[in-house]
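Welcome! Please take a look at the sequence and the 3D view below before reading on.

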Amino acid sequence: MLSDKKYLINLKNMKRIVKLTSLIVLFFFFQNSNAQYFGQNKVKYKKFDFKVVKSKTFDLYHYLHKDSMVIALVKDAEKWRKRHQVVFRDTFDYKVPIILYNNHGDFQQTSVVGGLIGTTTGGVTEGLKNRVTLPLTPSYGQTDHVLGHELVHAHQYNMIKASDSLSFKNMGNIPLWMTEGMAEYLSIGSIDPHTAMWMRDAVANDYFPTIKTLYKSRYFPYRFGQAFWAFVGGSFGDDQIYPLYEETAKVGVKEAFKNALSMPTDSFSVRWKTTTENYYKKWLDSRDLKPIGKKLIDSKNGGRLNISPAVSPDGKYFIFLSEKNIFSLDLFLGDAHTGKIIKKLSTRTRNSHLDALDAFESSGTWSPDSKKYAFIIYSKGKNKLAIADIEKNRVTDEFFIPNIPSFNNIDWSPKGDLILFSGLVEGQSDLFTIDISTKKVTQLTNDYYAQMQPKWSPDASKIVFATDHINFKSNRPNRNLTFSILDVKTKQTFTPIIFTHSNNLNPTFSPDGKHIYFLSDREGFRDLYTYDIDLDKVYQLTHFFTGISGITKYAPAISISRNKNELLYSHYFDSKYNIYTINLDKLKEKEVAKDDENKEAAKLPSLVLHKSFVDINLNNEDILTDLSKLRQEIYTPKFKLDYINNGGIGVSTGRYGTGMAGGINLLFGDILSDNQLYVGAVLNGELQDFGAQAAYLNRKSRYAWGGSLSHVPYRFGTQTIDYNGTDPNGYSAIVETLYLYRIFKEQASAFTYYPFSKATRIEAGASFNYYSFRLDKYSNYYDGFGNFYGQTRDRNLYAGDPFAMEEVSVAYVGDDSSFGLTAPMNGYRYRFEVQQNFGGITMTALLADIRKYFYTKPVTFAMKGFVYSRLGKDADNSLMPPLYLGYETLIRGYTYKAFDRSNSLGNGSLQQEDLLGNKMLVSNFEVRLPFTGPERLAAIKSGFLFSDLNLFFDAGVVWGKSEAYGVTERSFQDSKIITSTGISARINLFGQLILEPYYAFPLQLDGNSRGVFGLNFTPGW
């Protein structure tokens, strides 16, 4: 029933509504035809000429020149397939692609995954084509583990692909700790000193998780997930791993435990925790919980993660890596006696192409005079050596090492002329030196085995390093590493036979050169040992319950001053990495036999009801592999379907005709994703509401380029009601009229972008656009009682002349911001853009958008300046909607509702027309407080609700003219500056949507002292 209220929306008001509606749609047509955006870049610094080696099960894509290494990798992949098949009981009806990069710098440039790859990511497996992508690492054990880990993910994805009852949506039922933990367990097994250290720490500090709490950030999914699956395998049998995982995909964790293990999660958690505590507690009395020496850095003056300490030769200072500033790992300089942090060490290089620090598994080195510090960075897809002056706090020299794109573990020679390092070339790691002054590189070793973590002796006559010397059982490099001593002059090496089934890492000469200090897990604990070179004896120096450790077992964790007897080490305890110092003379020595090994404490506990065939298979190197059909080809890109999405289809009929709704999206790409083709089509209404687009993107080189063709319909409507109207027969009637407007946009476009670094790029685009219009009118007739009795339809009425417009644009974009819970919290963003339109509209548009974020715990101060200006003869063309300052994403509080409630009716009061023009200046300021979220960042700890609270002040002014919309020429000086202030909250809905409810006070609107409530659906600027 229609309202009894009689009113008429006349033609003049109708046109006004149409224009205001057009503002919303057309604003994005013209201003944002190349949508304004930020974001950091994945830079492809070089082209890779891939070849493909085809085996029975895998296609290995690589650009190695060493055939022997390629064959070995294929053989290892086949071994992993057979190991994992025992658990997954599956076969692949397709070949799994393995994409191999020569080093991590190359791996970070891959197009297989779209996002940025950090320096700590060992490999990735994506589900569309089930592609395993990884870099070669300095040692065989590292590469083999990553390969085995990622191939578990390939089997996990295959479970989804091969199932009739599962889809990729089911992956959302499986928690990350279950997925990643399985990959760790099936590639490492149930004996792992590193993961056991984490479990012992959880027992010692009483924070061992339940299944319900494993999602929390404290519980690193790899380590605790591995321990979980080790418990499942040892308690219920490794043959129950796959059923539990598959059932979790189907029904979720809670029901899966009941269905697969016949046990609720609470009961499982009790057994797991009790078993683990009982197993590890027997060592609590015999081992030290408290570190020895003096604490220098902990979470109070540093972060939770304080690693890779490097003490200066004179023993006065040390440098370490810490996430003290939360958003990044940075180098900090500290006083080695007091632990006071003196300053953050500047790592900014001259050309600013710093992509990242080489963190976690490498450390820097001091010059012999303790005045300079050398460290490794990633720049232009390669490792680069940077040397900083400590006193001046700036980088004074930086250079690539010729023909060695990847290197780590540097050490400055005692004489000051050379830097020693481990270089990775074509998958082989060897020892090199580089002369700092001449940049001459000298290769010291050249063999199949890894040479890592090298250190000079005090007189520079010898070098000690970690190596994966040959495993005589498999005739392959050993998975465990020990140390060897190289005579620099004779090039002869000596490898002490010490703890042959353990990792003996981080070897370092004593200040007198007579001993080698190192870390070993020979008892399942990560402790400090010393080896007496002359006596050929080993002494244990620490007995920690947790251990001396970095993030990984390969990370450097000790450092000794050459001129002092001080040792610095990083110790793991209570989920934190703290740094301690101790005088070497105060360490108590206990001699141990060189073959005394016991991995009981490295065991991940279970009820031991079943023998682990996972462990048995991991130790079996005699698995037969068939490489008889191995062949190599040149890689040729071919489009294959990556993804298809069917939006469904529907049909409806009613008073305004019959309509259909549905759509389909298809994504095609080659195996390396250097070429991608998108095709999409959608129908939402009548046939004229059909839209389609095809787009191509080429990312093979640093210049990314592409193009698109599209037909896009835009539809909107207005309605009028005339209570005094007449029907077609001339009888009195209530006439309800619907005007349905359509704008059709045909576009052909081309674009390119060139990233200078991870933070900056230049973009360019050109397009041809053709706009046409259609108007349909539907008139419904009602009698005086509101009963419908007829309709007339006038189709395809005149709605304006079509026009064509060409457009070119170029933009310079920068973004090094760190995103917080709902908005950037640190760094900067900027975009400078010029856009030129020709044809139906001739106009130049200029845009400048600058944003800066200062994080001062616990809040961020965010500032933004935005200028947009249209210039030229058609800057106020009637086809161009004017800029509107009242959008909630620009100035909050000046909504249509706010104007309706306003008392601003007198001369000189603010009107909506005052917010229209063709030039705009906006400034925003916010104070952002992380409200709920991670403990270190937010005021209230929460593992699932991420939100910010914000105080804001918005200001802006718009000037110029748009005569077609009733806006006459208005200068900047004559325009009204509008401001608002208020409070908002941003809520991150599981990473899918960010809501911003706000309460604003529009300071230039009278009658709004109570404020205005509004809602935005965008991340914070």
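## About the model

This is a predicted model, in which local features need pLDDT of at least 70, side-chain atom pairs count only at pLDDT 80 or more, and totals for chains, interfaces and linings use all residues. Residues are numbered from 1 along each chain as its sequence is written, and side-chain values use heavy atoms, with hydrogens and water left out.

## A histidine in α2

Let's start with His 84, found in helix α2 (residues 67-88); helices here are DSSP runs of H or I, at least four residues, numbered from the N terminus. With a relative accessible area of 1%, His 84 is buried (under 20% relative accessible area, 1.4 Å probe, protein chains only).

Its neighbours come next. Leaving aside residues up to four places away in sequence, His 84 touches Gly 148, Leu 151, Val 152, His 155 and Leu 186 (contact means heavy atoms within 4.5 Å).

## Helix α10

Which residues of α10 are buried? They are Thr 265, Phe 268, Ser 269, Trp 272, Thr 275, Thr 276, Glu 277 and Tyr 280. The cover over them includes α6 (193-204), α7 (221-236) and α9 (253-261).

## Where α5 meets α7

Helix α5 (residues 176-188) packs against α7 at an angle of about 70°, their axes 7 Å apart (axes are lines fitted to C-alpha atoms over the stretch in contact, and angles run from 0 to 180 degrees between N-to-C directions). That makes α5 roughly perpendicular to α7 (65 to 115 degrees). Residues meeting there include Trp 177 and Tyr 185 in α5, and Tyr 222 and Trp 229 in α7.

Terms used
Helices (H or I, at least four residues) and strands (E, at least two) are DSSP runs, numbered from the N terminus. Buried means under 20% relative accessible area, exposed over 50%, partly exposed in between (1.4 Å probe, protein chains only). Angles under 35 degrees count as roughly parallel, over 145 as roughly antiparallel, 65 to 115 as roughly perpendicular and the rest as oblique.
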